[in-house]
Amino acid sequence: MCAAFSEAVNDSLSAKAVRAALDTGCRTIVVGGGFSANSRLRTLLAQRAEAVGVSVRMPPLRFCTDNGAQIAAIGSELVAAGLAPSDWDFSPDSSMELTTTYLAPRA
């Protein structure tokens with residue numbers, strides 16, 4: 001599920017960025033932020049932009065951060081503090097408020 005979500009985001013971001021560049025006559029796309037460390041996004045955007053003659057400027061990976069590492073770190077801290085990891089059959093809640101923290105009780 002996570003891989004499919006990531007691919008959908010990469011596909012949408014790269015396609016829309018290239019389309020926006022073409023629609024506005026922009027010849028260069030500049031990428032920044034944490035998700036710019038995503039290797040699939042970098043590859044897909046570069047391929048799509050090159051195919052239509054648009055250049056892409058991205059910072060070197062050493063200047064990008066990926067919040068996936070941050071999520072893994074907090075998960076590791078929670079487990080180290082005694083919280084058991086989620087069961088494999090947990091369900092995501094896409095309607096959960098961003099300000100909500102939820103830890104499911106374990107049976």
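The model is predicted, so local features require pLDDT of at least 70 and side-chain atom pairs pLDDT 80 or more, while totals for chains, interfaces and linings use all residues. Residues are numbered from 1 along each chain as its sequence is written, and side-chain values use heavy atoms, with hydrogens and water left out.

A search of the whole structure finds three salt bridges. The criterion is a side-chain nitrogen of Lys or Arg within 4 Å of a carboxyl oxygen of Asp or Glu. Glu7 pairs with Arg40, with the closest N and O atoms 3.0 Å apart. Glu7 lies in helix H1 and Arg40 in helix H2, so this bridge ties together parts that are 33 residues apart in sequence. Helices (H or I, at least four residues) and strands (E, at least two) are DSSP runs, numbered from the N terminus. Glu7 is partly exposed, at 33% relative accessibility. Arg40 is also partly exposed, with a relative accessible area of 33%. Buried here means under 20% relative accessible area, exposed means over 50%, and partly exposed falls in between (1.4 Å probe, protein chains only).

Arg48 forms a salt bridge with Asp11, and the closest N and O atoms are 2.6 Å apart. This pair links distant parts of the chain, with Arg48 in helix H2 and Asp11 in helix H1, 37 residues apart. Arg48 has 28% relative accessibility and counts as partly exposed. Asp11 is partly exposed at 34%.

Asp23 and Arg19 meet through their side chains in a salt bridge of 3.0 Å, N to O. Both residues lie in helix H1, four residues apart, about one turn of the helix. An α-helix has 3.6 residues a turn, so residues three or four places apart point the same way. Asp23 is exposed, with a relative accessible area of 56%, whereas Arg19 is partly exposed at 46%.

The largest nonpolar core has seven residues: Val18, Ala21, Ile29, Val31, Leu45, Ala49 and Val54. Helices H1 and H2 are the elements that give two or more residues to this core. A nonpolar core is a set of buried Ala, Val, Leu, Ile, Met, Phe, Trp, Tyr and Cys residues joined through side-chain atoms within 4.5 Å. Val31, a member of this core, touches Ser36, Leu45, Val56, Arg57, Met58 and Pro59, not counting residues up to four places away in sequence. Contact means heavy atoms within 4.5 Å.

Ser36 sits in the loop between strand S1 (28-30) and helix H2 (39-51). Ser36 is buried, with a relative accessible area of 2%. Leaving aside neighbours within four places in sequence, Ser36 contacts Val31, Arg42, Pro59, Leu61 and Cys64. The C-alpha atoms of Ser36 and Thr65 are separated by 7.9 Å, although the two residues are 29 apart along the chain.

Helix H3 (residues 67-80) has 14 residues. H3 reaches 20 Å from its first C-alpha to its last, close to the 20 Å expected at 1.5 Å a residue. The expected span is 1.5 Å times one less than the number of residues. Just after H3, Gly82 takes a positive phi of about 110 degrees.

Ile71 lies in helix H3 and is exposed, with a relative accessible area of 60%. Ile71, Ile74, Leu78 and Leu83 form a nonpolar surface patch with about 340 Å² of accessible area together. Patches are made of residues with over 30% relative accessible area and no salt bridge; like charges are joined within 9 Å, and nonpolar side chains (Val, Leu, Ile, Met, Phe, Trp, Tyr) within 5 Å. Accessible areas come from the Shrake-Rupley method with a 1.4 Å probe, and for residues only the protein chains shown count as cover.
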